Amino acid sequence: MDLEKISDEGWIAWTTVAVTVALVFAVLVSLANPQIAGALWPGLLYLFLLAYGYLGLCVCAGRVKAWVEDYLDAMVGKKDDKNLEKASERIEEMGRRIDHIEEMLVKVSE
């Protein structure tokens, strides 16, 4: 288990725990008193489905966000590499020009 991911998405983990505890509590109350179960379950069923669905969407959105960030970082890294290559080519070309100018100055001074 990666503890760094839990600390970043701690609210999702705690909300999931709270919803699960509430569901277990509702089941225990329903088993203890069947009259409450008839009034409790129709509304709670939709509430729990919505809560778990929302948490699932949040987890999926977090993973998509992380993937997009990694992808964009990789693209920026490739562009930086291309820019570095172009800059090194320019520097080499400038070095050749400077060498050529030095040769011409040496010939003129002779």
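V68 belongs to a nonpolar patch on the surface, together with V64, W67, Y71, L72 and M75. The accessible area of these residues together is about 590 Å².

## The aromatic pair within the patch

One aromatic pair is counted in the structure. The ring centres of W67 and Y71 lie 5.5 Å apart with the planes at 15°, so this pair is stacked. The cut-off behind that assignment is an angle of under 30 degrees between the planes.

Both W67 and Y71 are found in helix α3, where four residues, or about one turn of the helix, separate them. W67 is exposed, at a relative accessible area of 56%, whereas Y71, at 43%, is partly exposed. Both residues are also members of the nonpolar patch described above.

## Salt bridges along helix α3

The count of salt bridges comes to two. One of them links K65 with E69, and the closest N and O atoms of this pair are 3.6 Å apart. K65 and E69 both belong to helix α3, which covers residues 34–109, and they are four residues apart, about one turn of the helix. K65 has a relative accessible area of 53% and is therefore exposed; the threshold for that class is over 50%. E69, at 41% relative accessibility, counts as partly exposed.

The side chains of E93 and R97 form another salt bridge, with an N to O distance of 2.7 Å. These two residues also lie in helix α3, with a spacing of four residues, about one turn of the helix. Here the acidic residue, E93, is partly exposed at 34% relative accessible area, while R97 is exposed at 52%.

## Helix α2

Helix α2 runs over residues 10–32 and contains 23 residues. From its first C-alpha to its last, the helix reaches 33 Å, close to the 33 Å expected at 1.5 Å a residue.

The buried residues of helix α2 are G10, I12, V19, A26 and S30. Each of them therefore has a relative accessible area under 20%.

## Overall architecture and exposure

The chain has three helices and zero strands. Read from the N terminus, its elements follow the order α-α-α.

Of the 110 residues in the chain, 9% are buried. The chain exposes about 9,500 Å², and carbon and sulfur atoms supply 68% of this area.

## Confidence of the model

The chain has a mean pLDDT of 78, with 88% of its residues at 70 or more. Confidence is highest in helix α3, at 81, and lowest in helix α1 (residues 3–8), where the mean is 54. Where pLDDT is low, the predicted coordinates should not be read in detail.

Helix α3 is the element with the highest confidence in the chain.

Note on methods: Residues are numbered from 1 along each chain as its sequence is written. This is a predicted model: local features need pLDDT of at least 70, side-chain atom pairs count only at pLDDT 80 or more; totals for chains, interfaces and linings use all residues. Side-chain values use heavy atoms; hydrogens and water are left out. A salt bridge is a side-chain nitrogen of Lys or Arg within 4 Å of a carboxyl oxygen of Asp or Glu. Buried means under 20% relative accessible area, exposed over 50%, partly exposed in between (1.4 Å probe, protein chains only). The expected span of a helix is 1.5 Å times one less than its number of residues. Patches are made of residues with over 30% relative accessible area and no salt bridge: like charges are joined within 9 Å, nonpolar side chains (Val, Leu, Ile, Met, Phe, Trp, Tyr) within 5 Å. Accessible areas come from the Shrake-Rupley method with a 1.4 Å probe; for residues, only the protein chains shown count as cover. Rings of Phe, Tyr and Trp (its six-membered ring) pair if their centres lie within 6.5 Å; planes under 30 degrees apart count as stacked, over 60 as edge-to-face and the rest as tilted. pLDDT is the predictor's confidence in each residue, from 0 to 100.
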